[in-house]
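Me: I would like to learn how to read a structure of this kind feature by feature, with the general idea stated before each case. Could we work through it together?

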Amino acid sequence: KKRLAVMTSGGDSPGMCAAVRAVVRAGLFFDCEVFGCYEGYSGLVQGGDLLKPMAWEDVRGWLSLGGTLIGTARCLEFKERAGRLLAARNMILRGIDALIVCGGDGSLTGADLFRAEWPSLLEELIKTGKLTEEQANPYKTLTIVGMVGSIDNDMAMTDNTIGAYSSLERICEMVDYIDTTAASHSRAFVVEVMGRHCGWLAIMAGVCCGADYVFVPEQPPSASGWKDELKKVCLRHRKRGRRKTTVIVAEGAIDDSLQPITSEQVKDTLVELGLDTRVTTLGHVQRGGSAVAFDRLLATMQGVEAVKAVLESTPNTPSPMIGIQENQIVRIPLVEAVSQTKAVAKCIEKKDFAGAFNLRDAAFQE
Ligand code: F6P
């Protein structure tokens, strides 16, 4: 029987529980044994109770839950070879040679490197007497499959990451709340949203909440002109009778000289316009709460596909990342998706903002 392990890693996102549930149940359905790897990569490194079999009923009720019930962590030990040696040994002692990781680009890259290093890890474990050849030989290759769990929607080559729409929903609810008090007092609100270096949450929230202005990293405004432009737009809206002003600032917002645009700067600019202005940084409420229907669906379809990808993988198949493109669940070479994601950051560094915008996926550009 094929034995695979499933883990969630990096920042949690709503839908990760649904993804684990889908992997566990699809795995059992296809006659595999499925291990839960708890606390991200720490589960592999520490083994013990953090790497244990999961049964059908263990994931009962998980479909709608937020966060991740198998835990997640940013594991420093796994970044060192010594940690990865422990991880490989723990896996082999349990007969696991396939790993499905649901996380962001860092977690998925780590997994792919682990796969590349696997033969040399086994060699070292045998040489140092930590494993016998008989123990290691049946597990010569490691299969890695990635699923993207992140509220940021910052992974290239997939239209959506698991959790992004739940987070967007949360942001919209919060901005709706803010709007009622803003309009009552005729105030301006600067709402800072997450997304790391990606402006997807900010842009989408801007569209869905009818914001006056949105600042995102991929389309930085002019360093010398953005304050005047912001004032002009907000004033125009006020003159049309709008009683509130809503400006969404992505946490990674910058100007075209790559200097950060902070919520406080935006607030000061609106104050100069004579608007009574408050800043709300939404913070981790954006990552909390249950998964919206789309994330449940995405996680479930991708979890099933991830198990199929494990079963169909060969030593020559590049590690796939399960994604969605134009509503089709697809397998994408993980390395390519990660390198295109990094290319966006490189474009921004080189001030090639049009390039950065174009490299973002269709869902962003729409
Ligand atoms: O990647 C998800 C995310 O929520 C980002 O949007 C944000 O920048 C970061 O994680 C916050 O990380 P932490 O939870 O470690 O503060």
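Reply: Let us begin with contacts: two residues are in contact if their C-beta atoms, placed from the backbone, lie within 7 Å. Leaving aside neighbours within four places in sequence, Asp 152 is in contact with Thr 161, Ala 164, Met 194, Gly 195, Arg 196, Cys 198, Trp 200 and Leu 201. This is a predicted model, in which local features need pLDDT of at least 70 and side-chain atom pairs count only at pLDDT 80 or more, while totals for chains, interfaces and linings use all residues. Residues are numbered from 1 along each chain as its sequence is written.

Me: Where does Asp 152 lie, and does it count as buried or exposed?

Reply: Helices (H or I, at least four residues) and strands (E, at least two) are DSSP runs numbered from the N terminus, and Asp 152 lies in the loop between strand E5 (143–148) and helix H6 (164–185). A residue is buried if 20 or more other C-beta atoms, placed from the backbone, lie within 10 Å of its own, exposed if 12 or fewer do, and partly exposed in between. Asp 152 counts as buried because it has 26 C-beta neighbours inside 10 Å. The UniProt annotation "active site", from an unreviewed entry, covers Asp 152; such annotations may be inferred rather than shown by experiment, and their positions are given in the numbering used here, with feature names shortened.

Me: Which residues are around the ligand?

Reply: A residue is near a molecule if its C-beta atom, placed from the backbone, lies within 6 Å of it. The residues around the ligand are Gly 11, Gly 104, Ser 150, Ile 151, Asp 152, Met 194, Gly 195, Arg 196, Glu 251 and Arg 287. If Ala, Val, Leu, Ile, Met, Phe, Trp, Tyr, Cys and Pro count as nonpolar, Asp, Glu, Lys and Arg as charged, and the others, Gly among them, as polar, then this shell has 2 nonpolar, 4 polar and 4 charged residues.

Me: How many residues of H1 are buried, and what covers them?

Reply: In H1 (16–29), 12 of the 14 residues are buried, so this helix is largely enclosed by the rest of the structure. The cover over the buried residues of H1 includes strand E1 (3–8), E2, strand E4 (98–103), E5 and H10. The expected span of a helix is 1.5 Å times one less than its number of residues, and H1 reaches 20 Å from its first C-alpha to its last, close to the 20 Å expected. For H10 (residues 293–312), the 20 residues should span 28 Å, and the end C-alpha atoms are 29 Å apart, which agrees.

Me: What can be said about the protein chain as a whole?

Reply: The protein chain has 13 helices and 11 strands. Of its 366 residues, 53% count as buried, and residues 24 or more positions apart account for 76% of the contacts with a separation of 6 or more.
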